[in-house]
Structures are given as C-alpha cells and as structure tokens.
Amino acid sequence: MEPIINFANIITILLAVVLFVLVLILGKETHKSQIVATMLFIFLGLLVAHTVELITFNSSNDFAYDSIRVSMIFDFIFIFLSFFSYLWVDDIQAKVEKKKSIDRSLDWFWREV
C-alpha cells in the first residue's frame, strides 16, 4: 500500500515545492490570501489522509510504512510553510485594501523577514 501522494519520492517533493511557490506568487500578485489558504487546507487534508493510511496500515512492507511516515513529515513542513505564507499574503492584502488589523502580534516577525 503506497501513500496517496508519496513524498518519499524526490520528484513528488519538487513538484509540490514548485506548485506551492507558484500558488504563493499568484496569491501575492493578486493580493488574495484565500489562494494560499487553499494550499493550507490541501496539505491539512493530505495529513488527514496519510494519518488514516497509517492507522489502517496492515502490511508487512516496511518500505510502504516508512513512505507514509516520510509523507506525514513533509505534510507538517508544508503546513508550517503555507500557514506563514497565508499570514504574509493576508498582511499584504490588508495593506492594499487599507484594512486595519485588530491583532498586530506578528509585527516583530514581519520586521525580521
């Protein structure tokens, strides 16, 4: 049993990174944080799917088990990156639309970036 999307394959990782960067650029250029949020939900869905696969895993194939675990690690990495990307594009969108943010607790982070 192979994972739905196997991040143990380097080509899959590269395709995911390219897709993520293209979606991030599209969201930044159009000033729409919803586009980047879509990627966040996709990676959350992949994490849930990989977790279900790991729970229902009933094979003696250690390679498939390790592939699912590696895929879950990359799911977490992409979730982390897409969450901060969402916050970044949302901040850009708020500045363009001249919306006032109630919570400015991440200002220190944006100054360092």
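Predicted model: local features only at pLDDT ≥ 70, side-chain atom pairs only at ≥ 80, totals over all residues.
Let's begin with the core. The largest nonpolar core has 16 residues, and the members that touch the most others are Phe7, Met39, Phe43, Phe78 and Ile79. Where does this core draw its residues from?

Now find phenylalanine 78 on your screen. Which residues is phenylalanine 78 in contact with, leaving aside its neighbours within four places in sequence? They are Phe7, Ile13, Ala16, Val17 and Phe43. With a relative accessible area of 4%, phenylalanine 78 is buried, as the cut-off for that word is under 20%.

Next, have a look at two of the helices together. The axes of H1 and H3 come within 10 Å, and they cross at roughly 10°. Angles under 35 degrees count as roughly parallel, so that is how H1 and H3 run relative to each other. Who meets whom here? On the H1 side we have Ile13, Ala16, Val17, Phe20, Leu24, Gly27 and Lys28, and on the H3 side Phe74, Phe78, Leu81, Ser82, Ser85, Trp88, Val89 and Ile92. Sorted by type, the residues of this contact are 11 nonpolar, three polar and one charged.

On to the rings. To describe a pair of aromatic rings, we give the distance of the centres and the angle of the planes. How many aromatic pairs does the structure hold? There are seven. One of them joins phenylalanine 43 and phenylalanine 78, and this pair is stacked, with 4.7 Å centre to centre and 5° between the planes. Phenylalanine 43 belongs to helix H2 and phenylalanine 78 to helix H3, so the pair ties together parts that lie 35 residues apart in sequence. Phenylalanine 43 counts as buried too, at 4% relative accessibility.

For another pair, look at phenylalanine 57 and tyrosine 65. These two rings are tilted, at 5.5 Å centre to centre with 50° between the planes.

Let me finish with a group of rings. Phe7, Phe20, Phe43, Phe74 and Phe78 are linked by ring pairs into a cluster. You have already met Phe7, Phe43 and Phe78 among the core members that touch the most others.

Note on methods. Residues numbered from 1 in each chain as written. Heavy atoms only, no water. Core = buried A, V, L, I, M, F, W, Y, C linked by side-chain atoms within 4.5 Å. Buried < 20%, exposed > 50% of the residue type's maximum accessible area, 1.4 Å probe, protein only. Contact = heavy atoms within 4.5 Å. Axes fitted to C-alpha atoms, helices over the stretch in contact; angles between N-to-C directions. Helix = DSSP H or I, 4+ residues; strand = E, 2+ residues; numbered from the N terminus. Parallel < 35°, antiparallel > 145°, perpendicular 65-115°, else oblique. Nonpolar A, V, L, I, M, F, W, Y, C, P; charged D, E, K, R; others polar. Phe/Tyr/Trp six-rings, centres within 6.5 Å; stacked < 30°, edge-to-face > 60°.
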